[in-house]
Amino acid sequence: MRVIGALWLRNVRLFARNRVQLLLLFIMPFFYLYLLSAIFESTSVSQPIPYVLAGIVIIVVFQTSLNIATSTIEDIVSGYMKEVLVSPVRRIAIVIGQILSSTTVAVFQACMILAVGYALGLTYTTIVTPIAIIGFIVLVGLVFSSFGLWLAASVKNSQTFQIVSVAVTTPITFLCGVYVPLSLLPEGLQIAALLNPMTYAAAFFRALSLEKLSLPADELVAEQLAFRFHDVLITPVTGLVILAAFGIVCVLLSAAAFVRVDFSAMNRSAMQKDVFQQ
């Protein structure tokens, strides 16, 4: 537990010390809110601003959770991970510490955006809703932190990591209905979106935030909170089950990959950082 706590505290402190990153991560979601709310007004969504805001919150959780992949690669490149591994520490403890710290940062950012969103009209009729929202944010953070850690442990060359990361995360981001309504996509991409776990995360979070989980199936489909594929109806609750199953697979894969990977064999050439990581 001491090892997990130490790794958690270290990663949270690193995040808190990066003032520029904090500022950008707080400002950019509201830029997207202004931009995307006009797009979703052209659809059948009844509350475009709260609808878009809920989607932005969940995409921020997704992107922040995946930062664990970048930080893990940087730890490998700097030699920090090797120093940790030479100590009598079980690798599974490192996995847990990395995942929990990434989830903590993601939940913190989401709560900041939700606090401002409350002033923009995102209201709840019962205290149960915000509690359930935080619980779901934690779940999404754990799922995609595990996914990010598996991605970091699977890529053996740090120079190609950023390319692999963009190639994997870009379709997940743009095929989940947050930036572009799925109804505006070609039929082939709509089918591809149904294979994307972020689609179900965004849909369930929107239904939960807007308190529309009890709507009839036809209204959920019209609001793009549920999906119909031929004769199969995928409700928000079904999407939650799919997301949870995906999360269990990611946890098992990340633990197995991290425990077995030989960090000494990985290419430690310094990565070229982009403007958001400097």
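**Exercise 1. How do helix 9 and helix 11 cross?**
Find how close the axes of helix 9 and helix 11 come in this predicted model, and at what angle they cross.

*Solution.* 
Step 1. The axes of helix 9 and helix 11 come within 8 Å. They cross at roughly 135 degrees.
Step 2. Angles over 145 degrees count as roughly antiparallel, and 65 to 115 as roughly perpendicular. Helix 9 and helix 11 are therefore oblique to each other.
Step 3. Their crossing is left-handed.
Step 4. Helix 9 brings Pro197, Tyr200, Ala201, Phe204 and Ala207 to the contact. Helix 11 brings Pro236, Val237, Gly239, Leu240, Ile242, Leu243 and Phe246.
Step 5. Sort these residues by class: 11 are nonpolar, one is polar and none is charged.

**Exercise 2. Turn to helix 5 and helix 11.**
Work out the crossing of helix 5 (residues 91-119) with helix 11 (residues 236-260), then list the residues in contact.

*Solution.* 
Step 1. The two axes come within 9 Å and cross at roughly 130 degrees.
Step 2. Helix 5 and helix 11 are therefore oblique to each other. The crossing is right-handed.
Step 3. On helix 5, the contact uses Arg91, Ile92, Ile94, Val95 and Ile99. On helix 11, it uses Ser254, Ala255, Phe258, Val259 and Arg260.
Step 4. The classes here are seven nonpolar, one polar and two charged residues.

**Exercise 3. Step back to the whole chain.**
How many helices and strands are in the protein chain, and what share of its residues counts as buried?

*Solution.* 
Step 1. The chain has 11 helices and two strands.
Step 2. Along the sequence, the pattern reads α-α-α-α-α-α-α-α-α-α-β-β-α.
Step 3. Of the 278 residues, 46% count as buried.
Step 4. Take contacts between residues at least 6 apart in sequence. Of these, 76% join residues at least 24 apart.

Terms used
Residues numbered from 1 in each chain as written. Predicted model: local features only at pLDDT ≥ 70, side-chain atom pairs only at ≥ 80, totals over all residues. Heavy atoms only, no water. Axes fitted to C-alpha atoms, helices over the stretch in contact; angles between N-to-C directions. Helix = DSSP H or I, 4+ residues; strand = E, 2+ residues; numbered from the N terminus. Parallel < 35°, antiparallel > 145°, perpendicular 65-115°, else oblique. Left-handed = near helix turned anticlockwise from the far one by under 90°. Contact = heavy atoms within 4.5 Å. Nonpolar A, V, L, I, M, F, W, Y, C, P; charged D, E, K, R; others polar. Buried < 20%, exposed > 50% of the residue type's maximum accessible area, 1.4 Å probe, protein only.
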